[in-house]
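Subject: Two-chain model, handed over with notes

Dear colleague,

Please find the structure below, together with the sequence, so that you can follow the notes with the model open beside you. The notes begin with single residues and then turn to the chains as a whole.

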Amino acid sequence: MTVLLAFAAAFLFATGTWLLLQRRLSRILIGIGLVGHGSNILLLTSGGPSGVAPIIGSAPAVDFSDPLPQALALTSIVITFGVTAFLLALGYRSWRITHDDVVEDDVEDRFIARRRSEDHIVSDTEDAARAQAAEEDRL
Amino acid sequence: MFALLALHLVLGVVIVAAGRILGRQAFLVAAVAPAAMLIWAATKANDVLDGKPVTESFVWVAGLDLTIDLRFDAFALVMVTLVSGIGLLICIYSLGYFTATKPGLARLAGILTLFAGAMLGVVLSDHLIALFIFWELTSVTSYLLIGNDDTNPRARAAALQALFITGAGGLVMLAGLIIIGQSAGTYLISELLVAPPSGNVVNVALVLVLIGAFTKSAQAPFSSWLPGAMVAPTPVSAYLHSATMVKAGVYLVARLAPIFAIQGNWRLIVLSVGAFTMVVGGLRALRQNDLKLLLAYGTVSQLGFMMLLFGVGEYHIAEAGVVLILAHAAFKAALFMVVGIVDHETGTRDIRALHGFGKSWRPVQAVAVLSAASMAGVPLMFGFIAKEKGLGGYVEYGDFVGETVVLIAIVVASMLTFAYSARFVLGIYGVFGLDDRDDVSRSAHAPGIVFWAPAGLLAFFTVLFGVFPQLLDRLVEGATLALYPGSSPKPLELWAGFNEALLLSAIVILGGVVLTLMRTKVARAQRRGSEAIRFLPTGDEAFAGVLRGISVTSRRVTAVVQNGSLPIYIAIIVLTVTLVPLTGFARDIDTLPDFVEQRVHIGFVALITAAALGASVVRHRIAAALMLGAVGYSMAGLYVTMGAPDLALTQFSIETLSTVLFVLVLRFLPRSWRHHAPAIAAPMRIAVAAAVGVAIFVFALSASNARPDVSGPQQSEVMIEDSYSEAKGQNVVNVILVDFRGWDTMGEITVLLVAAVGVVSLARTGRRRDDTDAPVFEEISDGESSEQKMPEALR
């Protein structure tokens, strides 16, 4: 890991997060792609300083770059692609229905947030406390 | 012992299940369990009192070292005698109390049996965690018993309050117990006694454990649940909320005081809470007109007294605690039974409605007088022995700071105890009966012998041990020795000669008589006093306030974090996962790594950052997708320079494929979009993005420092070595993917398959509906526009 690559990964994460926080599904998608690239840099650099390609016989083994993070990064690339393809299909579907790709607020969640408290446990307890206090005041 | 605990469990479940068949007889069946326990305890009593405890150990989860260790020593014998002895009497008493078969009656009997089993578990457990589990089981059964009349909202509220307070205290206590167990290296109380842990952490843990004990034993300021619990049927109140369960906290303090009393603030906390509770409980008991509430507040006060006796950690005083725990169970259970009888025969427990009873009530009245006298500490009663010994212990052996204050509190509270005991007796004799109330007591039926005999037996013990305390010498000495090994407890005496304790007892009785004679003035003074402090919330009000606070807070928190907006959800999640560990990572960075490894990286990183920046600001969908592609191709170049040709190849082909996909989909969508987010959104998004960027930067640097710390042969080296010899492959990365970690690849393929199925179905569904049913599209489109309006309307 070098400071330069750490910066590159951080920059990819920052721009990716910025896009993830948008309302357009297509921008969110691009954000996921950027975050994926950033995490690949992190994965790959976790193997230490880079060397030559890890192919037996091409060079002495001590000069190889670490093969395990490469395998992990490879998996990550492919999975990111799968996610991208699925989200693109969602975007297509969203266009089919609304002719746009805006991610709307969840209306149910909004209703829950605005709901008045109807907690019968609390009201039971308060009634009991009031009754108790009234009883003792009478004494 | 396990067999007997299991018997309680099985019997309890059977009674609950077979409720309809059993009816009232359920209590007879329930009596089998305490009877068996008593018989077993009696056969072991000799050994146990000789200082040879019976132990049993049951390996629960071997791998985690979780065992349930039971230990039956002399102090446990005292508690078992209480739990099972009173339990047996309560079962008989219940036959008289519940004359009609009501629904839920057998359930009551069954849960009572389950409770007895849990309570026995508390007093028999040597392992702190097992003790905690049984402790919480008593809270749960207590909840079910208080709320047994589930149609009564007050019963439900009281049950919830009891569960809430004792349950929360139990959880606090669990934290303390774990700290103690971890710092001592053992969870066994018997081993803690040999090698007590110490230190600041343990001092904190002791405070936590004491909070648990205070909630369970209804000490101020957690006492409000106990008077509330009086909505339970009287047999339950007599058993759980006076004689047994509420003593669990006292029991734990008694067990731990020999180990920890001189550590931290133990004494200060226990003694101030105990003294305060004892005085305030007495004051409030004196104000009650409801006989049962009077006893409940009296119980709170007496529990404070027990805390004072056991909490000091001085064996002479703790010995008095053992006597008091026995004496209190005898007189308080009997008094509760009397209240139950009065309630059952007259339909009221209000002393203003009682005008005295007929001749046939003499046995019940005698029980009331004798038990109340014991409670008041009148000589020749069991309670006198306990109080006298406690006062004597404090006078002679209480050599610690604040001893005098505690002694004064005990004397004052004992005067109050005398006064409310007198109030109870005068109430039974109808002194407080108001003329305008109907006389319900004179004509009341006398209770049958089954109904009053259990209370009568307890009153007999009260007198027997009051006159011949030496009968209990062996038990009390054994229990004290079990708590304080190596101590030399003194035998019990009825007459210890003229000493300070006797003088104090005389003062207590004198003060109590004066308070009783001047009761009208005292009541007026108390009313004025309580009006003056009316601005303070009562325990019930405070509890209701806490509950409302929790409800309101949770609603507000939900409204903020769960407001329906995806960007907000994502922001909360990424900020939590990045910022929370940030400081920890930042501390790990001691040296910065090299700035640049290869010069060519500068060019690639410049490309990547420029394209990423472009992708995030450009307002044109296709352009943004192409920028993302540029990032991907630059990444591929980076991989080549880092010795990862496979990655570069994969990245290259995948990037091409996704760019094509992007263009395929994005061509449908409008080219660009209009901005309609609130003005505050952009700066907040930038702030969150910047925070994430900083966190990732710090994480990357600290992770690169962590790499050299890994010791031993690296996994990758093993893989390089085995690559050709075992898998016959020269490309190590490929070998890892298809061989060493082949199952990962298998999973990966599955993920792709699932995604492909999703893509296909999503793409096809829309098309079919659109083609075959054009009006549907119109409708959906209408729905969409109203949906878009919805959030605005909500605002």
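Leaving out residues up to four places away in sequence, B:Gln365 touches B:Phe357, B:Gly358, B:Ile428 and B:Tyr429. Please keep in mind, here and below, that this is a predicted model. B:Gln365 belongs to helix 17 of chain B, which covers residues 362-376, and its relative accessibility is 7%, so B:Gln365 counts as buried, the cut-off being under 20%.

B:Asp126 sits in the loop between helix 6 (105-124) and helix 7 (128-146) of chain B. B:Asp126 is buried but has no salt bridge, and the nearest side chain of opposite charge, that of B:Arg71, is 4.2 Å away. Since a salt bridge is counted here only within 4 Å, that distance is outside the cut-off. Setting aside neighbours within four places in sequence, B:Asp126 is in contact with B:Asp69, B:Leu70 and B:Arg71, and also with B:Tyr187, B:Leu188, B:Ile189 and B:Ser190.

Burial can also be followed along a whole element. In helix 21 of chain B, residues 473-483, eight of the eleven residues are buried, so this helix is largely enclosed by the rest of the structure. The buried residues are B:Asp473, B:Leu475, B:Val476, B:Gly478, B:Ala479, B:Thr480, B:Ala482 and B:Leu483. Which elements cover them? The cover over the buried residues of helix 21 includes helix 4 (32-49), helix 5 (74-97) and helix 9 (189-194) of chain B, and it also includes helix 13 (247-260), helix 15 (291-311) and helix 16 (315-346) of that chain.

Next come some points about the backbone. Most residues other than glycine have a negative phi, and most peptide bonds are trans. Against that background, the bond that joins B:Ala220 and B:Pro221 is a cis peptide bond, with omega at about 0 degrees, and B:Pro221 is found in the loop between helix 10 (200-216) and helix 11 (225-228) of chain B.

With a relative accessible area of 44%, A:His99 is partly exposed.

Turning to the chains as a whole, chain B contains 34 helices and two strands. Its radius of gyration is 37 Å, well over the 28 Å that the globule rule gives for 795 residues, so chain B is more spread out than a compact globule. Along the principal axes, the C-alpha atoms of chain B fill a box of roughly 105 × 70 × 55 Å. Of the 795 residues of this chain, 53% count as buried, and among contacts between residues at least 6 apart in sequence, 78% join residues at least 24 apart. The accessible surface of chain B is about 34600 Å², with 66% of it belonging to carbon and sulfur atoms.

The C-alpha atoms of chain A fill a box of roughly 95 × 45 × 25 Å along the principal axes. Of its 139 residues, 64% count as buried, and 54% of the contacts between residues at least 6 apart in sequence join residues at least 24 apart. Chain A exposes about 5300 Å², of which carbon and sulfur atoms supply 62%. Its side chains include 11 positive and 17 negative ones, and the centres of these two sets lie 10 Å apart.

With best wishes

Definitions and conventions. Residues numbered from 1 in each chain as written. Chains lettered and ligands numbered in written order. Predicted model: local features only at pLDDT ≥ 70, side-chain atom pairs only at ≥ 80, totals over all residues. Heavy atoms only, no water. Buried < 20%, exposed > 50% of the residue type's maximum accessible area, 1.4 Å probe, protein only. Contact = heavy atoms within 4.5 Å. Areas by Shrake-Rupley, 256 points an atom, 1.4 Å probe, with all protein chains shown as cover. Lys, Arg positive; Asp, Glu negative; His and termini not counted. Charge placed at Lys NZ, Arg CZ, Asp CG, Glu CD. Helix = DSSP H or I, 4+ residues; strand = E, 2+ residues; numbered from the N terminus. Rg over C-alpha atoms; globule rule 2.2 N^0.38 Å.
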